[in-house]
Amino acid sequence: MARHISIVLKLSDAIRDLRSLKHPGLDSLSAQLSLEAANALDDLSGLLKDRDSIRGVKSRAEILRGGNKTQLATEIANLDEQELLVFCGDLTTWLGKSRETHFSSFFAVPDHAHQRMADNADAMLPQAFQELRLMVDDQLHLTSTCRFKITNLIATAGEANLYPKHFAYFLPEDEGVKYAERKRTVVFMNTYLALFELISLEESRRRISVSDGALRTSEIGKYLIAWFRGHDVGHSVMRQETDFRAVSKVDRWASMVLQEVLADVFGFLLCSTRTWQTGLSLDSSILAEIYAFEMLRYLRRAPRDFPDAGAAFVQLQYLIDHGYATFDADTGKISLSSADMLGGMTMLAKDLSQSVLSGDVVATMAFASRYCPHLNAAALDKMSAFLGRSTRTLDYIQPIYESGESSAK
Ligand SMILES: [Zn+2]
């Protein structure tokens with residue numbers, strides 16, 4: 001398998017680079033390389049045993065050969081691969097880096113332990129959501145939520161292997177198929193954990209502290225998954241009047257940033273419900289600490305260029321503005337307690353429910369001009385001077401990349 005994967009990786013890098021030249025004379029060459037990738041995927045599918053994994057790989061090959069992408073990509077989103085999950089084709093990247101799709105491939109294996117946790121959270125979601133309504137606004141309702149597939153990344157190439165690394169893709173939307181009937185978020189758990197352990201934990205705790213935090217490193221995965229599932233669900237929390245298009249017309253960037261804030265905050269609050277805390281054995285103080293560290297990791301990644309980094313800025317600014325978090329001159333850190341975090345997030349959720357989710361454009365823009373980084377440069381400059389820019393990024397060492405050259409490796 002490694003040999004076939006290695007071929008797909010190399011072809012993906014070549015296609016991604018060739019296309020970036022935007023030279024019409026090279027189109028036929030990159031088309032030819034895509035067909036080679038399709039052949040390598042077919043060879044790979046012959047070595048798999050799991051039905052859905054085979055189906056997924058074969059469908060990817062079909063798309064590369066010009067098959068009906070909307071139909072095939074939607075079918076793939078409905079699979080539940082137990083052996084290998086493969087992507088090979090055009091994929092979006094970070095908004096703010098490029099709005100185009102770029103050729104990418106990734107190979108991932110299912111993470112059964114974290115999947116069980118996420119499935120557990122889903123099973124308890126109706127009850128947890130009722131609690132959330134009581135905490136924030138009884139007019140909130142949940143529109144359809146999409147599936148969550150948790151994997152560990154084993155190989156990647158093309159745009160997906162560039163920077164910053166993605167730990168999740170929303171498919172098939174991220175491959176350019178909008179409004180598909182079936183959707184799922186594919187999470188790379190090992191990347192997500194590495195981001196937390198090598199960046200959030202290393203950098204953030206120098207700048208923020210949760211007074212009652214008691215982080216146990218062995219449990220981080222559980223919290224990350226619970227919150228991220230909550231964030232995903234959070235994108236589907238609405239009110240009857242909710243219509244993001246009205247705000248988008250006035251300020252598209254503000255609309256995108258605020259939608260990420262809503263998802264973040266609802267994700268945090270779902271993790272704070274008694275239902276999820278009991279059912280998933282979550283502790284409020286550990287949750288607050290992990291959330292604070294992640295908030296800073298996002299924030300330091302250029303809040304004006306990435307909606308989720310902008311969203312982190314909004315939340316921290318809001319917590320400070322309302323006295324839930326303070327600058328501590330002695331330690332040089334922002335400090336708060338887990339109770340402050342919960343109080344601040346609940347208030348923020350109520351504020352946004354009354355403005356953004358209620359379709360009140362005037363109130364939304366008043367909020368945005370105070371907290372969104374692209375509309376409040378002075379606050380952003382002050383925060384950036386305090387936090388500094390992140391100096392770390394993940395990189396992958398992939399021995400599998402060279403396995404095409406020697407079968408002994
Ligand atoms: Zn989001």
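# Notebook: sheets and helix packing

I began with the E9–E10 pair: strand E10 (residues 333-336) runs antiparallel to E9, and three bridges join them. I work on a predicted model, where local features need pLDDT of at least 70, side-chain atom pairs count only at pLDDT 80 or more, and totals for chains, interfaces and linings use all residues. I number residues from 1 along each chain as its sequence is written. For the elements I use DSSP runs, numbered from the N terminus: helices are H or I with at least four residues, strands are E with at least two. I count two strands as paired if DSSP finds at least two bridges between them.

For angles I take axes as lines fitted to C-alpha atoms, for helices over the stretch in contact, and values run from 0 to 180 degrees between N-to-C directions.

**Five-stranded sheet**

Next I looked up the other open sheet, with five strands in the order E1-E2-E4-E6-E5 and mixed pairing. Strand E1 (85-91) and E5 are its edge strands, each pairing on one side only. I note an average twist of 35° from one strand to the next.

I went through the pairs in order. E1 and E2 are antiparallel over seven bridges, and valine 86 stands opposite phenylalanine 107 in E2. Strand E2 (residues 102-110) is also antiparallel to E4, again over seven bridges. Between these two, valine 109 has asparagine 152 in E4 as its bridge partner, and phenylalanine 106 has threonine 156 in E4. E4 and E6 run parallel, joined by five bridges, with threonine 151 opposite phenylalanine 188 in E6. Strand E5 (residues 168-171) is joined to E6 by four bridges and runs antiparallel to E6; there, tyrosine 169 stands opposite valine 186 in E6.

I then checked burial, calling a residue buried if 20 or more other C-beta atoms lie within 10 Å of its own, exposed if 12 or fewer, and partly exposed in between, with C-beta atoms placed from the backbone. In E2, eight of the nine residues are buried, and I list the strand as mostly covered. In E6, five of the five residues are buried, so the strand is largely enclosed by the rest of the structure. Both faces of E6 are covered: Arg184, Val186 and Phe188 are buried on one side, Thr185 and Val187 on the other.

I also found helix H1 (residues 2-20) lying across E1, E2 and E4, at about 155° to E2.

**Helix H7**

I looked for kinks and noted one of about 30° in helix H7 (residues 189-204), centred on phenylalanine 196. The bend at a residue is the angle between axes fitted to the seven residues ending there and the seven starting there. Buried in H7 are Met189, Thr191, Tyr192, Leu195, Phe196, Ile199, Ser200 and Ser204. These buried residues pack against several elements, among them helix H5 (112-123), strand E4 (147-158), strand E6 (184-188) and helix H12 (284-299). I count a contact if two C-beta atoms, placed from the backbone, lie within 7 Å.

**Helix pairs**

Helix H2 (residues 27-45) and helix H3 (residues 51-64) pack at about 165°, with axes 8 Å apart. H2 and H3 are therefore roughly antiparallel. My classes are roughly parallel under 35 degrees, roughly antiparallel over 145, roughly perpendicular from 65 to 115, and oblique for the rest. The H2–H3 crossing is left-handed; a crossing is left-handed if the near helix is turned anticlockwise from the far one by less than a right angle, and right-handed if clockwise.

For H5 and H8 I noted an angle of about 45° and axes 10 Å apart, which makes H5 oblique to H8. Their crossing is right-handed. Contact residues are His114, Met117, Ala118 and Ala121 of H5 and Gly221, Lys222, Ile225, Ala226 and Arg229 of H8.
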